[in-house]
Amino acid sequence: MQNILLVAIIGSVAGYLLSLFYRRLGPIILLLISLYAFAMLWEIPSNTAENFLGYDVLYLTTLGKYFALLSLIVFSAYAIFNIVWIETLKTPHAFNALSILTLAGTLGVFFTTNLVVLYIFWELTVFASLFIVPMSKSEAKRAAVWYVTITAIGSFAFLFATFLLYSKFYTFDLVEISRNLSQLPKPTIWLVVCSMLTAGIAKSGVFPLHVWLRNVHGKAPDTFSAVLSGQLVKMGSYLIALLLSIFPVTTLFPHFYGGVNILSYILIWLGNVSILVGTLMAIKQNDMKMLIAFSTVANSGYILIGLALLDQVGFAGGLFHVFNHAIAATMIFLSFAAVVYRTGTTKIDELGGLIHRMPVTFITYLVGIISLAGIPPTSGFISKWMIFQSLVSRGMFVTEIFVFVGSIGSFLYVFRPLAGVFLGQLKSKYKDVREVPIIMQIPMILLVLVTVFFGVFPGQVLEFIVGAQKEFGIDAFQYEGTKLITSMGYWDTWIVFVMFAVGFLIAAVLYLITPKGKKIPLEDQYTSGEFLHNFDLYHYASRFYAFLEREYGDHPSLENLYASLVNALKSLGKGIDYLVSRTASAYVFWLGVILLLLWKGW
Amino acid sequence: MAVAARVAGVLLTAFFFGLTFEGIGRKVTARIQKRYGPPWYQNFIDVLKTLTKHGWTHGWIFDFGVVMALGGVIATLTFVPLGNFVAFPGLDNFFVIVYLFTVGALGMAMGMVGTGNPWASIGVARALTLMLGYEVPYLIVITSLLYNFKTSNISTIVEIQSVNGWNIFRFPIGALVAFICLQGMLGKEPFEAPIAPAEIASGPMVELSAKYMGLLMLMNTFMEFVEISIFVDLFLGGGNYFEFLLKYLTVWIFAIMISAVLPRFRIEQAVYFYWTVPLLLAFIQVFLVVAGM
């Protein structure tokens, strides 16, 4: 582990220097480091302790290994895509160096259970990614401020809890702390656990700290959004999973409803609200990257609900959902990056009909959304199924409403870019657009294969999940080969996939034996008898769900609330500024104060 | 081999009885509206005729969407129990069926929007919104049943009903909610806004011709078959193969009769309706289940 971290940190410097000569070397170095780390990490057994620069601080849990391997998959895809995409950036060397540093930071977070080391690597990640965010658009500077502010709320709370625990136990080791945690008084336990969870909540974009995702995902460099949504947000989920499973949460907190303790129940409610907010906001976005940013909020809610259930099926579902969402979000953001690379816009209603020019990008997006919406035979369905089964078996019907709204709502919002960007009329100004270069297609195709493969054969992912569950003393999820078993019944991914193929085959045969259709151009349409001159306008993309958006148009907004808090702080600052300035009225004010104090006799 | 025979049995049942019942449904609608109506085998004629004509296509996504729609629905259909006749015993998990079902719907939506006609997009947007409306109360009611019986296998619930009596009598409120939602799933009036022929030119179907129309007619028949079958299995006790078909026909005719006399909700009215009355009733049902009444 030490070698991996050192290689990544040194590689960051090397990446900077080499990309000064040739900018494409940076992503290649990132790719090589990712592949090296993946190969090394695969061989390291879990529960290995190691030194880092002479300090005994590194400890690899199965959970950490699972997240680290997943991150490396995301980073590899990102690196391959960047080899060509890097030419669109003004500062490629800094971008390369910081990308590699981000990787080093996240791997460090997954490799330790020492709270201070975890905090240092956590801040290293935030620091590195913070400077990447404003690299392609100048208006993204404000987004970076949002990002660092919200993350800082979480990480300062985390640091506070760390030192509070140190003052009680004189150790930073999480495993040792969790053994003795029950000795603390109840309010202190609440304070510590909640402060630490805040870091995870802020990072994973769960309500009420979800407000940074829209601007940061939406305005960050196009490929980096894939890392933000597919990997950095998962760091928050990792922290939540680690804390919930390593602390004896079920014994520390009293039981509340359906076999769930009160802390988990509060977290489940945060997840519920995240799902609702994320889904409803995603439905009304016209910017495709912001749309998926809100979908990330909703999916972080799913992950939180799954993890907070802390049981055989739900916890496994939450961890599996981390994998699915990471891969799906990466696919979707990479396909968007491809679209922007060719067309230069992210507005859904400015695009249209790109399927006729960019079929590989379209297929990547399609498989990505099928997985995101949880439709078999992709892996996205498995995790949703597990979370549903767990909720139903506990009779948590109110949570089910939110989960189902999120699930059906995801069909709505993922369809909006599908219809607006890829389907429909091809805009005349994009008539000459071509598919992206082959190097950009490679990671997209690989991720498609990964999603479908693990949807049919989830065994390898489940092995890690079961390992993580056993490590923390949770009942392990049951599966035999491709058969997934819960107390409420089972299903078999392989048989579903085979029947899927059979259904397709029957439909394809029917299609082939019937007379062939004649190809007609897109302009040959039913137009209600009108004669159209401009088919660019014959495309339904803006305000796609207007009839639904109207119903919740005037909703309260946390973003505005936070913005008004900022404004209040600013005007307070201005007031103080005014009072300490050397003007006549300030002079009179201070004179008045002093006279008042004198008169009162102080 | 027995599995293949059972799968073929399910598919052929859906094909013959699905189309026959649709024909009978058209006859019933006609009689309610004081017309004579087409013969009961009219739908066979329609499908076969459309399948033998040359059509027009708007590109590969249109063709692929049609194949995906029909293929996805066929795959779903094979997991649906017809009373006690099950192709894959033990694998008829409710959530798997519900989510497999969306593959077909997605295929159709994608293919139709792929034609480039905005009417199709409007129809699909409406269909998805309507889905957001009816799925929530529907899933709440069905999961309260699953919670009650501690299983999510549909055929297990069918077996329990053959001992304990039909669920429609034990859970009358739930059955009512599920039936209201079924009306939305079938796309029958008053929840017919997605295909509203006179308003948005039949929505998704606007650019269909010849064999594409025929394949999607088949898909629609199979979809209806899945939806009504799940209702019959969960609430009307399933029964053996012939009892099942009789119950199926009853539910279908009932739905047709309601749709023949009602006008159409606007789409946001439909969603508003589903999220108020049926959702409230669904929670009364949930309360009764959790309280053990």
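1. In which sense do strand β1 and strand β2 of chain A pair, and over how many bridges? The model is a predicted one, and in it β1 (residues 48–52) and β2 (residues 55–60) of chain A pair in the antiparallel sense, over four bridges. Within this pairing, A:E50 stands opposite A:L58 in β2(A). The two strands form a hairpin with two residues between them. A:L53, in the turn, has a positive phi of about 55°.

2. Further along chain A there is an open sheet of three strands, in the order β5-β6-β7, with antiparallel pairing. β5 (478–480) and β7 (489–492) of chain A each have a single partner strand and stand at the edges, so one side of each is left without a neighbour in the sheet. On average, and with direction ignored, neighbouring strands of this sheet are turned by 20° against each other. Strands of a sheet pair through backbone hydrogen bonds, either parallel or antiparallel.

3. Strand β6 (residues 483–486) of chain A and β7(A) are joined over four bridges in the antiparallel sense. A:I485 stands opposite A:Y490 in β7(A). Helix α20 (residues 493–513) of chain A lies across β6 and β7 of that chain. The helix runs at about 50° to β7(A).

4. On the domain level, chain A is divided into domain 1 (2–500) and domain 2 (561–600). The centres of domain 1 and domain 2 of chain A, taken over C-alpha atoms, are separated by 46 Å.

5. In chain B, the axes of helix α8 (residues 172–186) and helix α12 (residues 267–290) come within 8 Å and cross at roughly 150°. Angles over 145 degrees count as roughly antiparallel, and α8(B) and α12(B) are therefore roughly antiparallel to each other. The crossing of α8(B) past α12(B) is left-handed.

6. Which residues of α8(B) and α12(B) meet? From α8(B) they are B:I173, B:G174, B:L176, B:V177, B:I180, B:C181 and B:G184. They meet B:Y274, B:P278, B:L281, B:A282, B:I284 and B:Q285 in α12(B).

7. B:E224 is found in helix α10 (residues 210–235) of chain B. Is B:E224 buried or exposed? B:E224 counts as buried because it has 23 C-beta neighbours inside 10 Å, where the cut-off for buried is 20 or more. Leaving aside neighbours within four places in sequence, B:E224 is in contact with B:G18 and B:L186. B:E224 and B:L106 lie 118 residues apart in sequence and 16 Å apart in space, C-alpha to C-alpha.

Technical notes. Residues numbered from 1 in each chain as written. Chains lettered and ligands numbered in written order. Predicted model: local features only at pLDDT ≥ 70, side-chain atom pairs only at ≥ 80, totals over all residues. Pairing = 2+ DSSP bridges. Buried ≥ 20, exposed ≤ 12 C-beta atoms within 10 Å, placed from the backbone. Contact = placed C-beta atoms within 7 Å. Domains from an automatic or database assignment. Axes fitted to C-alpha atoms, helices over the stretch in contact; angles between N-to-C directions. Parallel < 35°, antiparallel > 145°, perpendicular 65-115°, else oblique. Left-handed = near helix turned anticlockwise from the far one by under 90°.
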